[in-house]
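Welcome to my notebook. I went through this structure entry by entry and kept what I looked up along the way.

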Amino acid sequence: MNGGAAKIWALHLGVLAALLAAQAVLPAYHAGNLARIMVLAVYAMGFNIAFGYTGLLSLGHALFFGAGLYGMGMPVALAGWGAGAGLVAGLAAGGGLALAVGLLALRRAGVSFMIVTLMFAQAGYLTILYYTPYTRGEEGIVIDRAARVLMGLDLSQDATRYCAALALFAAALLVNLALVRSPFGRVMVAMRENEERSRMLGYDPFRVKLAALVLSGLYAGAAGAAYGLLFGYVGAGFASIQYSILPLLYVLLGGAGTVLGPFLGAALMFYLIDLASGVTTAHLLVVGAALLVLVLFAPKGILGTLRDRGLTWLP
Amino acid sequence: MTPRLTGPTPSRRRVLGGLAASGAALALPARFASAQSAAPIRLGFQLHRTGIGAAYGRWYERTAQAALKLVNEGGGINGRPVEIVFEDDGTDPRRGAEVLEKFAGPSGCDAVFGALFSHVVVGTAPRAGELKMPYLVCSEGHHVASGSLNRWTLQPGITDVKSQVQAMAPWISQTLGKKVTMIFPDYAFGHDHRDAFAPAIRAAGGEVIAQIAIPPTETSFTRYLPRIPAGTEVIYHVMVGPAVLTFVKELGEFYGSGARPEIFGFVDSLEAVEFASPGLEFLEGTHFWEGHCRYLQPDAGEHERPYRAAVGVDDSGASLADARDISTYGHMFSVWETLFILKAGMEAAGYRGPADRQKLVEAIEAMTEMPYSLEHPQGAKTFNGKTHQVFGLQYISKVEGGRLARVHTTSLEDGMYPDEVDYTAMSF
């Protein structure tokens, strides 16, 4: 292992170790927040695979997050499935929908791709509302506590919830790290940087981008399913446009094309809202101002800027 | 003249104490405790300050502040001052749950109340159950009484849609017409109307001949209005959100000056909206459900004026400070009443701190009759501890001269229906 790789593994494993220790150190409120942030970070990591590494700016990722949420929630709530089967169903729903959307939307690029993904997501959101007798639409469904037991672990308990969120986050982070350091990960970046040159080198842009989008959908689906199981609620609001924008903000804030950027962005955004709301009723103005500052002074996000200014080894 | 809290009673403190004694303590052994601590009781308020519920949130905050002032003037709760911690939930279910966690954690709140929108309530309730936090909602949704939530979630300050609709259907059928077209938001609140009204009007001899569901994010409604069948005798509308004024205006433009069916609306369609707004002239002669009459009625009860003065609302339902700032008068009483129920419950339970939260829930479950008083200015109510749902009076008003005049008041019994759940049989 060379020096760069050692640093990379030390940093990422160190973050996971710190998160493991945080549960014992932090007050229950902040531990609960971290559990939520880790799940949302998995979602943002998925978005980052498509956007940050492959250059696919999607405005429809809420569709995949919502697919994971409802893919888990509907069978659990309506058919009495167990949490494990629900989790797999959510994962499959996220990946499956990403495949279907990718097959159609990847025929377009740039702004057209954004618009097509946005339209698909809106169609998905309205579909959830249309089938309200089953989905309970905007109001949503409560996932019964009895159904939130995975391998004998009660996910409604704070400590278990945290560990489950950390396990998911750790798996997602390590897979993400391995992916971006793999030959395929480099091809993804090549697509982002210069699609035509990549094609000339013999790579099929459509296949690469489709694979990246499906991976992204699997991440989003896993995050959606986990969110429903860990917090006991499934609602159409999670499939709305707002939840397509959120991972974009997380990634831009933390650093697009960095493995830890989505987590950092999700955590900062969460606490920015949380702390600002305790100080002023105009907390959304504070968030907006913070994003403006970011765009003006650190357009590559926090970790992206750090990478430019010395931490060149940062994946 | 100094407003009195209740008719015959001589002092405010005595009235507030009496409320606890006569309500909850009737069925639960009194556990009044002397104040062990001067530390304030802290109540979390899940406030729709931003998002789709912002128009309500602004007034819910004012109402809560007014009720808080009265509670503290009356000696607080169990001799302790009361504080309310307001947190914006963005009318968003995820943020709603996060805010509840904040109340339970760093804010150190003893109980939480105030949420109106159904998705926020349903998204928050699981966390309330897990954190064992008394969660008193003001949402009107049937989700509490239907049994889909948990033992820690109660709705003691406002009736649910099922009860409202059931109470009014006979009057609609007998007075306005029997063939009804419903226009409602394609949203759980609207679905409660859809699901409850059809059987209620059928039982009253009428029928629903069309149901037009409109997505809550819709901003123009003209394409929906031609779906109203020609044989419609009554249009039943209930809309929420920022586009309500557009909806009502476009309904007026659709019919123009020609013949139109009778129109029965829920005041939700016009909460925080001035009835004298241009384009609403066609509402003259139409009818509305009101949870609480926006315009001061000639025969208003003795507690109506003191309540209006306290919450800062004039005789027309507008802010005393700005006549253009129209209140959400038809609903905001729920916040006021819920705070007094929390007070009564805490006093009946001898509440000292978070370890007594279960006792608080049990004390509220033990409540039954809630007589008309300054603590319940909307009207007398009956609380069903098994279903965690209160039942109360409903008002039907007619637009006359650009104002709403009450023409009918339902009885408590009109809105009652068989229990669908027994939360008291559930574990904590």
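How many bridges join strand 9 of chain B to strand 10 (residues 287-290) of chain B? I found 3 bridges, and the two strands run parallel. Strands count as paired here if DSSP finds at least two bridges between them, and strands themselves are DSSP runs of E with at least two residues, while helices are runs of H or I with at least four, numbered from the N terminus.

**Entry: ground rules.** I noted that this is a predicted model, where local features need pLDDT of at least 70, side-chain atom pairs count only at pLDDT 80 or more, and totals for chains, interfaces and linings use all residues. Residues are numbered from 1 along each chain as its sequence is written, and chains are lettered from A and ligands numbered from 1 in the order in which they are written.

**Entry: confidence.** I looked up pLDDT, the predictor's confidence in each residue from 0 to 100. Chain B has a mean of 88, with 91% of its residues at 70 or more. Over residues 1-35 of chain B the pLDDT stays under 50. I remind myself that where pLDDT is low, the predicted coordinates should not be read in detail.

**Entry: strands around strand 9 of chain B.** I went back to strand 9 (residues 262-266) of chain B and found 4 of its 5 residues buried; buried means 20 or more other C-beta atoms within 10 Å of the residue's own, with C-beta atoms placed from the backbone. B:Phe264 stands opposite B:His287 in strand 10 of chain B. Strand 8 (residues 234-237) of chain B pairs with strand 9 of chain B in the parallel sense over 4 bridges. There, B:Ile235 has B:Ile263 as its bridge partner, and B:Tyr236 stands opposite B:Phe264.

Which way do the residues of strand 8 of chain B point? I see B:Val234 and B:Tyr236 pointing one way and B:Ile235 and B:His237 the other, and all are buried. Strand 6 (residues 179-185) of chain B also pairs with strand 8 of chain B in parallel, over 4 bridges, and B:Ile183 stands opposite B:His237.

**Entry: the open sheet of chain B.** I then checked an open sheet of 5 strands in chain B, paired in parallel in the order 2-1-3-4-5. Strand 2 (82-88) and strand 5 (153-154) of chain B are at the edges with a single partner strand each, so one side of each has no neighbour in the sheet. Strand 4 of chain B is joined to strand 5 of chain B by 2 bridges, and B:Leu136 has B:Leu154 as its bridge partner.

**Entry: two domains in chain B.** I found domain 1 (12-158 + 311-392) and domain 2 (161-290) in chain B, with bounds that come from an automatic or database domain assignment. Their centres, taken over C-alpha atoms, are 30 Å apart. Contact links 15 residues of domain 1 of chain B with 14 of domain 2 of chain B, contact meaning C-beta atoms, placed from the backbone, within 7 Å. On the domain 1 side, helix 3 (54-73), helix 5 (118-131) and helix 10 (329-349) of chain B give two or more residues each.

**Entry: chain A meets chain B.** I read that 23 residues of chain A and 27 residues of chain B take part in the contact. On the chain A side, helix 2 (28-53) of chain A gives the most, with 3 residues.

Entry: Is A:Gly221 buried or exposed? With 32 C-beta neighbours inside 10 Å, A:Gly221 counts as buried. A:Gly221 is found in helix 10 (residues 205-231) of chain A, and its C-alpha atom is 4.6 Å from that of A:Leu91, 130 residues apart along the chain.

My last stop was helix 14 (residues 301-308) of chain A, where A:Gly301, A:Leu303 and A:Gly304 are the buried residues. They cover an arc of only 125 degrees around the axis, which puts them on the same side of helix 14 of chain A; the arc is that of the directions from the helix axis to the C-beta atoms. Their cover includes helix 11 (242-254) and helix 12 (261-279) of chain A.

Technical notes: Contact = placed C-beta atoms within 7 Å. Buried ≥ 20, exposed ≤ 12 C-beta atoms within 10 Å, placed from the backbone.
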